[in-house]
Amino acid sequence: MNKNAVETNKVNELVELDKQHFIHPSTNPHELVAKGPGIIFSEGKGIYVKNMMDGKEYIDGMSMLWNVNIGHGQEEVVDAGKEQMSKIAYSSAFKGFSNEPAIKLAKKLADLAPGDLNAVFFTSGGSESNDTVIKFARFYWGLKGKPTKRSFISLNSAYHGVTLAAQTVTAIPAFHEFAGSNIDEIFHAKPHLLNCELGDKTDPNYEQSIRGIIEREGADTIAGIIMEPVQGAGGVNIPPEGYLQAVRKICDEFGILFIADEVICGFARTGKMFGVENWDVVPDMMSIAKGITSGYAQLGGVMLNDEVRNTIVDYDGMLAHGFTYSAHATACAIALKNIEIIERENVVENVQAMELELKKGLAFLAEKHSIVTNTRCIGLLGAFELYEDPSRGKLFGEDVFPANKVVDECFKRQLILRALGAHNHIIAIAPPLVTNAEEMEKIIHIIDEALTTFK
Ligand code: PMP
């Protein structure tokens, strides 16, 4: 048998095994079993990933799940992981045990994070971070003698993860429909109602605003407000200028913790090290994950400001919360190297420069294609929308799935993007933060071609 035939046999066998045994996350299971996986990744370099099924290279226009910030194939990161792993398989962080990479990473994060976010509790990812943040906020208020402060406000179309508590603050209906929501005392506010949050009670949306909800429920019942600085999976929704500052003020006014979910925005994605820095806001707690390791290992965390940290460390009992993989030494060593590369390679500056290229590209697409509208980006977190008639705000029919169609056409041209939105009308673009101008041009060119085929 020649080499190609061997490869084909191997791929066919993998596809069959996948269909039989692999339940995929956030995937239509019926379709997966009928069609098999869409791609089997074999390797990656920079912004490119290779598909074992056709042997071709694709542009990773979404940094996989908005997380491969420094791109694929960074050998230094691999070496850092290998070196740490060869020292010790795993080391517990329970009962005061510690390890060097975790200590150094905690200090590095304290230096990097805005304001007085000087301490970190490590997790393995974003959902665990948001469950942790909810539990820590309640624990904190209990320690402050305010045990009635247990509720949280999050924003409609927020994505905060899928573990039970994180999923409940997530406000994309499909995730609640899956298996129900599991903690009470969560209120979803309408996002980005700047006027209401500034106190305009004549606004017809006032009751659905954060301010309106606090007034209705009573600040003595509310522990925290959690939000992504820029919503990711909910459609790449960038808040209006002044919104985050207004929410910060509300939190100060009513004595509520401001919790920023920086799982996507963190580690340079928005052209600042953390998303909140775009608006000079310092949260009380901050969830981090994804870009902390650029996906080379699983790691997340919750950063605490001095007030929350000091209150917690005054507690002379056991902190009854922790994951086996909290502060995993290999993941922490990888995070340290990842952050070193972000700083050394001026990734923040590259994102700022590439934001301009992406904006230019999106403007070109909107100009050329009449169905493209609502283009937006901050850093390398961008999106555009597809309407049958943008001037009348007319969406395509429910059976059209326009974003899927364009994403499929991009895929045929070896560019991976992602369709979002309840009406399947949003396409997200979030390539690795090391993308250069030529690569950005290529991305826009492929989208242009894909849109041209759209009927
Ligand atoms: N928060 C945000 C803003 C996210 O985008 C995600 C993941 N997409 C999560 C939390 C959950 O993270 P994980 O999938 O690592 O649990």
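Mentor: Let us begin with a definition: a residue is near a molecule if its C-beta atom, placed from the backbone, lies within 6 Å of it. Please keep in mind that this is a predicted model.

Trainee: How many residues surround the ligand, and which are the closest?

Mentor: The ligand is surrounded by 15 residues, and the closest are Gly125, Gly126, Ser127, Gly161 and Val263. Helix H6, residues 126–143, provides the largest share of this shell, with 3 residues. By class, the shell around the ligand holds 6 nonpolar, 7 polar and 2 charged residues.

Trainee: How should I read the fold of the protein chain?

Mentor: Begin with the secondary structure, which amounts to 16 helices and 15 strands. The radius of gyration of the protein chain is 22 Å, close to the 23 Å from the globule rule for 455 residues, so the chain is as compact as a globular protein of that length. Along the principal axes, the C-alpha atoms occupy a box of roughly 70 × 60 × 45 Å. Of the 455 residues, 46% are buried. Among contacts with a separation of 6 or more, 69% join residues 24 or more positions apart.

Trainee: Into which domains is the protein chain divided?

Mentor: Domain 1 comprises 39–70 + 347–453, and domain 2 comprises 76–344. Their centres, taken over C-alpha atoms, are separated by 27 Å. Across the boundary, 23 residues of domain 1 are in contact with 22 residues of domain 2.

Trainee: Which elements supply at least two residues each to the side of domain 1 that touches domain 2?

Mentor: They are helix H3 (63–66), helix H14 (347–368), strand E11 (372–378), strand E12 (381–386) and strand E15 (426–429). The largest share of that side, 5 residues, comes from H14. The residues on this side of domain 1 divide into 15 nonpolar, 6 polar and 2 charged.

Trainee: What follows H11?

Mentor: Gly255 follows H11, and its phi is positive, near 70°.

Trainee: Where is Ser26 found, and is Ser26 buried or exposed?

Mentor: Ser26 is found in the loop between helix H1 (3–21) and helix H2 (29–35). Ser26 counts as exposed because it has 9 C-beta neighbours inside 10 Å.

Trainee: And where is the place of Ala268, and why does Ala268 count as buried?

Mentor: Ala268 is in the loop between E8 and strand E9 (285–288). Ala268 counts as buried because 27 other C-beta atoms are within 10 Å, the cut-off for burial being 20 or more.

Terms used
Residues numbered from 1 in each chain as written. Predicted model: local features only at pLDDT ≥ 70, side-chain atom pairs only at ≥ 80, totals over all residues. Helix = DSSP H or I, 4+ residues; strand = E, 2+ residues; numbered from the N terminus. Rg over C-alpha atoms; globule rule 2.2 N^0.38 Å. Buried ≥ 20, exposed ≤ 12 C-beta atoms within 10 Å, placed from the backbone. Contact = placed C-beta atoms within 7 Å. Nonpolar A, V, L, I, M, F, W, Y, C, P; charged D, E, K, R; others polar. Domains from an automatic or database assignment.
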